[in-house]
Amino acid sequence: MQEILNNFKDSVAKSVELFPEGKDRYKVFTPFSFDDGDHFVIVLFQDKTRNWVITDEGHTYMHMSYHTGLSSLSSGNRNEIIENALEKYGVKEQEGKLLAPIGEMNDAGDILYNFIQCLISITGVSYLSRERVVSTFLEDFKQFISQKVPEERIQFDYKIQAKDPEGRYTVDCRINGTANPLHIYAIGNDDKCRDTTISIHQHKNWNIPFFTLGIFENQAGINRKVLSRFTDVCDRQFSSLATNKGNIEKFVAGQIG
């Protein structure tokens, strides 16, 4: 174990330590942590073939699920980032656990280093670029609506063909089957809020019957003047998808019957 520990210290950090936790099992302390201050959970153990393996024991996904549902990690941009990180750093995923076998003792330090880099990359889904954050929010929005409304009543990226064949004033989601169709907009930033305000104005100018619902990623981050103009034309809005899913579900159910 001293040989492995020396390799860990040389490749990662002098502060790395090993703490015994039973037979052939050690807790690996490193200075790396999640953005909320919780340290990465890393364990070194011997498997049934007597090979040493580094694992997080499923803690990384569990920790991320507190802020992002596990289902969101298995599709779209988040899943793409995770899969790329696993491949790049030679880490395997097995039933939610991340694993990195140690073949040669001399490679132990490099394997731990790569494992930590993989964890950092995976948790980096919280730090996506602005464009990709918007994209992920839209995926979450569509997934949520699809789970709560029958498929045959949903039209995503809907355009009013007779008035707008080029799709310049599209609706993120139209729910049909009611006297006044429900037009739902997913709003992730100021630009989207402005565009949505313009689209709603245009639809009203066309005298099209509809009821509007705006769902924000984070309403607190929207410019006050931009939000004020949007509020003037939108019938109902929720400040955040993540914190209002129950209320949104009840509202939508009441609208569509």
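This is a predicted model: local features need pLDDT of at least 70, side-chain atom pairs count only at pLDDT 80 or more; totals for chains, interfaces and linings use all residues.

Me: How does helix 1 lie relative to helix 4: parallel, antiparallel, perpendicular or oblique?
Reply: The axes of helix 1 (residues 2-11) and helix 4 (residues 108-123) come within 7 Å and cross at roughly 55 degrees. Angles of 65 to 115 degrees would count as roughly perpendicular and those under 35 as roughly parallel. So helix 1 is, relative to helix 4, oblique.

Me: And is that crossing left-handed or right-handed?
Reply: Here the handedness is read from how helix 1 passes helix 4, and the crossing is right-handed.

Me: Which residues of helix 4 meet helix 1, and how do the contact residues divide?
Reply: From helix 1, the partners are I4, N7, F8 and S11; on the helix 4 side they are A108, G109, D110, L112 and Y113. The residues of this contact divide into 5 nonpolar, 3 polar and 1 charged.

Me: What kind of aromatic pair do F34 and F40 make?
Reply: F34 counts as buried at 6% relative accessibility, and F40 is buried with a relative accessible area of 6%. Their ring centres are 4.9 Å apart. The planes stand at 90 degrees, and over 60 is the cut-off that matters, so the pair is edge-to-face.

Me: How many residues apart are F216 and F230?
Reply: Their ring centres are 5.6 Å apart with planes at 85 degrees, so this pair is edge-to-face. F216 and F230 are both buried. F216 sits in strand 10 (residues 211-216) and F230 in helix 7 (residues 224-233), so the pair links distant parts of the chain, 14 residues apart.

Me: Which residues form one aromatic cluster?
Reply: The count of aromatic pairs comes to 6. One aromatic cluster is formed by F211, F238 and F251.

Methods
Residues are numbered from 1 along each chain as its sequence is written. Side-chain values use heavy atoms; hydrogens and water are left out. Axes are lines fitted to C-alpha atoms, for helices over the stretch in contact, and angles run from 0 to 180 degrees between N-to-C directions. Helices (H or I, at least four residues) and strands (E, at least two) are DSSP runs, numbered from the N terminus. Angles under 35 degrees count as roughly parallel, over 145 as roughly antiparallel, 65 to 115 as roughly perpendicular and the rest as oblique. A crossing is left-handed if the near helix is turned anticlockwise from the far one by less than a right angle, and right-handed if clockwise. Contact means heavy atoms within 4.5 Å. Ala, Val, Leu, Ile, Met, Phe, Trp, Tyr, Cys and Pro count as nonpolar, Asp, Glu, Lys and Arg as charged, and the others, Gly among them, as polar. Rings of Phe, Tyr and Trp (its six-membered ring) pair if their centres lie within 6.5 Å; planes under 30 degrees apart count as stacked, over 60 as edge-to-face and the rest as tilted. Buried means under 20% relative accessible area, exposed over 50%, partly exposed in between (1.4 Å probe, protein chains only).
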